[in-house]
Amino acid sequence: MKTYPFMNSPNAQTGKQRLEAKEWSEVRAELMQLKTKLNLSDDEFRMLSPYEDYQGIEEKIYQTFCTIDNGKKRPVWLWHCFKQEKYFTDFLPDAPECYLHKLIDPNESIWMGVFGMAKQQDKIWFYEGKILTIQKLLAELYFFDEFYFVSKKYQWLICINHHDTLIVTGGDMPQKLKALEQEMMNHST
């Protein structure tokens with residue numbers, strides 16, 4: 001059975017509960033509060049500033065990983081339009097974020113995209129960090145809807161969607177997730 005920290009029932013260790021809905025400005029604020037609480041430096045985790053090319057990053061992600069019909073609005077959820085080989089699972093024993101360090105090199109600095117709304121428009125808020133630090137933050141969040149983890153070389157993209165499904169595309173990520181899923185299935189038997 002999956003264990004989801006704080007999801008709809010009190011966590012035995014902390015008594016915290018993930019909310020079913022939250023304003024995205026609150027999620028962003030919560031991430032920054034957790035960064036302070038966990039005493040993380042900007043080298044470990046940081047939000048991209050408005051002066052960095054976050055729009056260029058987002059555009060490159062769409063170009064590299066998504067198929068979008070001409071004249072159509074970008075999809076709300078990227079995983080609906082992946083153009084490269086993809087693989088997904090929701091059959092892992094624990095919450096999907098618990099396995100990210102098994103897929104992503106812990107020494108690699110990556111982008112994390114938080115899907116949300118800004119001024120009634122879909123937006124991806126970008127952060128930079130390493131996966132072990134990001135996992136610490138995700139373990140403390142009360143609520144999140146959709147996260148993207150992206151190689152800064154645009155080699156792969158990992159998504160945890162609002163269904164708690166782990167979805168991967170690009171490079172050897174589909175094979176890595178298949179192997180991880182098989183490993184978890186072998187341990188459970």
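The model is a predicted one, and every value below was computed from it. In the largest nonpolar core there are 31 residues, and six salt bridges are counted in the structure.

**Nonpolar cores**

- In soluble globular proteins, nonpolar side chains tend to be buried together.
- Within the largest nonpolar core, which has 31 residues, the members that touch the most other members are L103, I104, M112, F149 and I158.
- F149 is in contact with L100, I104, I110, W111, M112, I131, I134, L138, W156, L157, I158 and I160, where residues up to four places away in sequence are not counted.
- Another core lies apart from this one and has 20 residues, among them Y62, F126, C159 and I167.

**Salt bridges**

- Side chains of opposite charge can pair when their charged atoms come close, and six salt bridges are found here.
- K35 and D42 form one of these pairs, with their closest N and O atoms 2.2 Å apart; K35 counts as buried at 10% relative accessibility, whereas D42 is partly exposed, its relative accessible area being 48%.
- K178 forms a salt bridge with E85, and the closest N and O atoms of that pair are 3.7 Å apart. Because K178 lies in helix α5 (residues 173-188) and E85 in the loop between α2 (54-65) and β2 (86-89), the pair ties together parts that are 93 residues apart in sequence.
- Both ends of that pair are partly exposed, K178 at 35% relative accessibility and E85 at 43%.
- K152 and E128 meet through their side chains in a salt bridge with an N to O distance of 2.2 Å. Here K152 belongs to the loop between β5 (147-151) and β6 (157-160) while E128 belongs to strand β4 (residues 121-130), so this pair ties together parts that are 24 residues apart in sequence.
- K152 is partly exposed, with a relative accessible area of 33%, but E128 counts as buried at 15% relative accessibility.
- Through shared partners, salt bridges join E128 and K152 with R46 and E52 into one network.

**Helix α5**

- The 16 residues of α5, at 1.5 Å a residue, should span 22 Å, and the 23 Å between the end C-alpha atoms agrees with this expectation.
- The buried residues in α5 are M173, P174, L177, L180, E181 and M184. They are on the same side of α5, because the arc that they cover around the axis is only 130°.

**Positive phi angles**

- Most residues other than glycine have a negative phi, and most peptide bonds are trans.
- D164 has a positive phi near 60° although it is not glycine, and D164 is placed in the loop between β6 and β7. The hairpin of these two strands has five residues between them, and D164 counts as buried at 14% relative accessibility.
- Y154, also a residue other than glycine, has a positive phi near 60°; Y154 is located in the loop between β5 and β6 and is buried, with a relative accessible area of 16%.

Conventions. Residues are numbered from 1 along each chain as its sequence is written. This is a predicted model: local features need pLDDT of at least 70, side-chain atom pairs count only at pLDDT 80 or more; totals for chains, interfaces and linings use all residues. Side-chain values use heavy atoms; hydrogens and water are left out. A nonpolar core is a set of buried Ala, Val, Leu, Ile, Met, Phe, Trp, Tyr and Cys residues joined through side-chain atoms within 4.5 Å. Buried means under 20% relative accessible area, exposed over 50%, partly exposed in between (1.4 Å probe, protein chains only). Contact means heavy atoms within 4.5 Å. A salt bridge is a side-chain nitrogen of Lys or Arg within 4 Å of a carboxyl oxygen of Asp or Glu. Helices (H or I, at least four residues) and strands (E, at least two) are DSSP runs, numbered from the N terminus. The expected span of a helix is 1.5 Å times one less than its number of residues. The arc is that of the directions from the helix axis to the C-beta atoms. Two strands pair if DSSP finds at least two bridges between them.
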